[in-house]
Amino acid sequence: MPAILRTLNKIKPVYDWTYKIIMFVCKILLVADILITCWVVLGRYASFIATPYWGEEIILTLMVYMAVLSATLAIRTRSHIRMTAFDKYLPRKVLLVSDLLADLAVLALGVVLVVFGTKFCNSPLSLRGKYASIPTLSKVWQYIPVVVAGVGMIIFELEQVFQHIEAFFVKDEENKEVA
């Protein structure tokens with residue numbers, strides 16, 4: 001089994017590459033969100049600046065993108081909210097099993113987001129629905145981040161699951177070598 005895990009560790013650059021791309025996209029979305037927000041606010045108070053009629057809807061859409069994409073980043077860095085109050089009192093194996101189960105549950109959530117997000121993106125409601133302020137833009141753009149976040153969750157949760165499984169074998173092998 002450890003040979004398989006060593007092979008899986010070779011794809012770590014794929015995880016790193018995916019993380020960097022999602023981080024870059026989040027940064028671009030944040031900058032765009034700030035610029036559009038400033039433009040809308042200035043347009044309300046300065047008569048010489050035209051307020052974009054589409055500003056608020058695009059700001060909200062960009063915020064949705066940032067929220068779901070940054071959630072995938074939190075999975076990779078293990079900085080999402082989790083209960084760790086009893087971790088120091090639990091045996092190592094129990095802690096590893098509970099972390100593995102939690103990561104498998106989040107992995108399942110990622111699969112649900114991809115499956116149902118894709119179904120919803122292909123539904124008539126999202127395909128025919130239009131933004132109120134931009135009638136040429138389909139509402140599908142509001143729902144695509146759900147699918148993208150699901151894919152990101154799956155990718156990063158697979159990494160976490162592999163790390164937990166590896167932790168089982170690494171510790172066991174160290175104990176066998178000592179004995």
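Q: Is A50 buried or exposed in this predicted model?
A: In this predicted model, A50 lies in the loop between α2 and α3. The cut-off for an exposed residue is over 50% relative accessible area. A50 has 59% relative accessibility, so A50 counts as exposed.

Q: What distance separates the C-alpha atoms of A50 and W39?
A: A50 belongs to the loop between α2 and α3, and W39 to helix α2. Along the chain the two residues are 11 residues apart. Their C-alpha atoms are separated by 8.5 Å.

Q: Which geometry does the aromatic pair of W39 and W54 have?
A: The structure holds three aromatic pairs. In the pair of W39 and W54, the distance is 5.5 Å centre to centre, with 80 degrees between the planes. Planes over 60 degrees apart count as edge-to-face, so the pair of W39 and W54 is edge-to-face.

Q: Which parts of the chain does the pair of W39 and W54 link, and how many residues apart are they?
A: W39 sits in helix α2, which covers residues 12-45. W54 sits in the loop between α2 and α3, the latter being residues 55-77. The pair links distant parts of the chain, 15 residues apart.

Q: Which accessibility class does W39 fall into, and which does W54?
A: The partly exposed class runs between the buried limit of under 20% and the exposed limit of over 50%. W39 has 38% relative accessibility and therefore falls in that class. W54, at 22%, also counts as partly exposed.

Q: What angle lies between the ring planes of F120 and Y143?
A: F120 and Y143 form an aromatic pair. Their rings are 4.6 Å apart, centre to centre, in an edge-to-face arrangement. The angle between the planes is 85 degrees.

Q: Why does the pair of F120 and Y143 tie together parts of the chain, and how many residues apart are they in sequence?
A: F120 lies in helix α4 and Y143 in helix α6. The pair therefore ties together parts of the chain, and their separation in sequence is 23 residues.

Q: Which residue lies over the face of Y131?
A: A charge sits over a ring if NZ of Lys or CZ of Arg is within 6 Å of the ring centre, with a further limit on the angle to the ring normal. Here the distance from the ring centre is 5.2 Å. The residue over the face of Y131 is K139.

Q: What is the volume of the largest pocket?
A: The largest pocket is lined by 15 residues. Among those closest to its centre are R78, H80 and D103. The volume is about 190 Å³.

Q: Which helix gives the most to the lining of the largest pocket?
A: By class, this lining has six nonpolar, three polar and six charged residues. Helices α4 (92-121) and α6 (140-178) each supply at least two residues of the lining. With six residues, the helix that gives the most is α4.

Q: What phi does R78 have?
A: R78 lies in the loop between α3 and α4. Most residues other than glycine have a negative phi. R78 is not a glycine, yet its phi is positive, at about 55 degrees.

Q: What C-alpha to C-alpha distance separates L101 and V161?
A: L101 is placed in helix α4 and is exposed, with a relative accessible area of 54%. L101 and V161 are 60 residues apart in sequence. In space, their C-alpha to C-alpha distance is 8.9 Å.

Q: What distance separates the C-alpha atoms of A108 and G150?
A: A108 is in helix α4 and is partly exposed, with a relative accessible area of 40%. A108 and G150 are 42 residues apart along the chain. Their C-alpha atoms are separated by 9.4 Å.

Definitions and conventions. Residues are numbered from 1 along each chain as its sequence is written. This is a predicted model: local features need pLDDT of at least 70, side-chain atom pairs count only at pLDDT 80 or more; totals for chains, interfaces and linings use all residues. Side-chain values use heavy atoms; hydrogens and water are left out. On a 1 Å grid over the protein atoms alone, a cavity is a set of points where a 1.4 Å probe fits but cannot get out, and a pocket is an open set with protein on both sides within 12 Å along at least five of seven lines; lining residues have an atom within 4 Å of a point. Grid points are joined across faces, edges and corners, and a volume is the space filled by probe spheres set on the points. Helices (H or I, at least four residues) and strands (E, at least two) are DSSP runs, numbered from the N terminus. Ala, Val, Leu, Ile, Met, Phe, Trp, Tyr, Cys and Pro count as nonpolar, Asp, Glu, Lys and Arg as charged, and the others, Gly among them, as polar. Rings of Phe, Tyr and Trp (its six-membered ring) pair if their centres lie within 6.5 Å; planes under 30 degrees apart count as stacked, over 60 as edge-to-face and the rest as tilted. Buried means under 20% relative accessible area, exposed over 50%, partly exposed in between (1.4 Å probe, protein chains only). A charge sits over a ring if NZ of Lys or CZ of Arg is within 6 Å of the ring centre and within 35 degrees of the ring normal.
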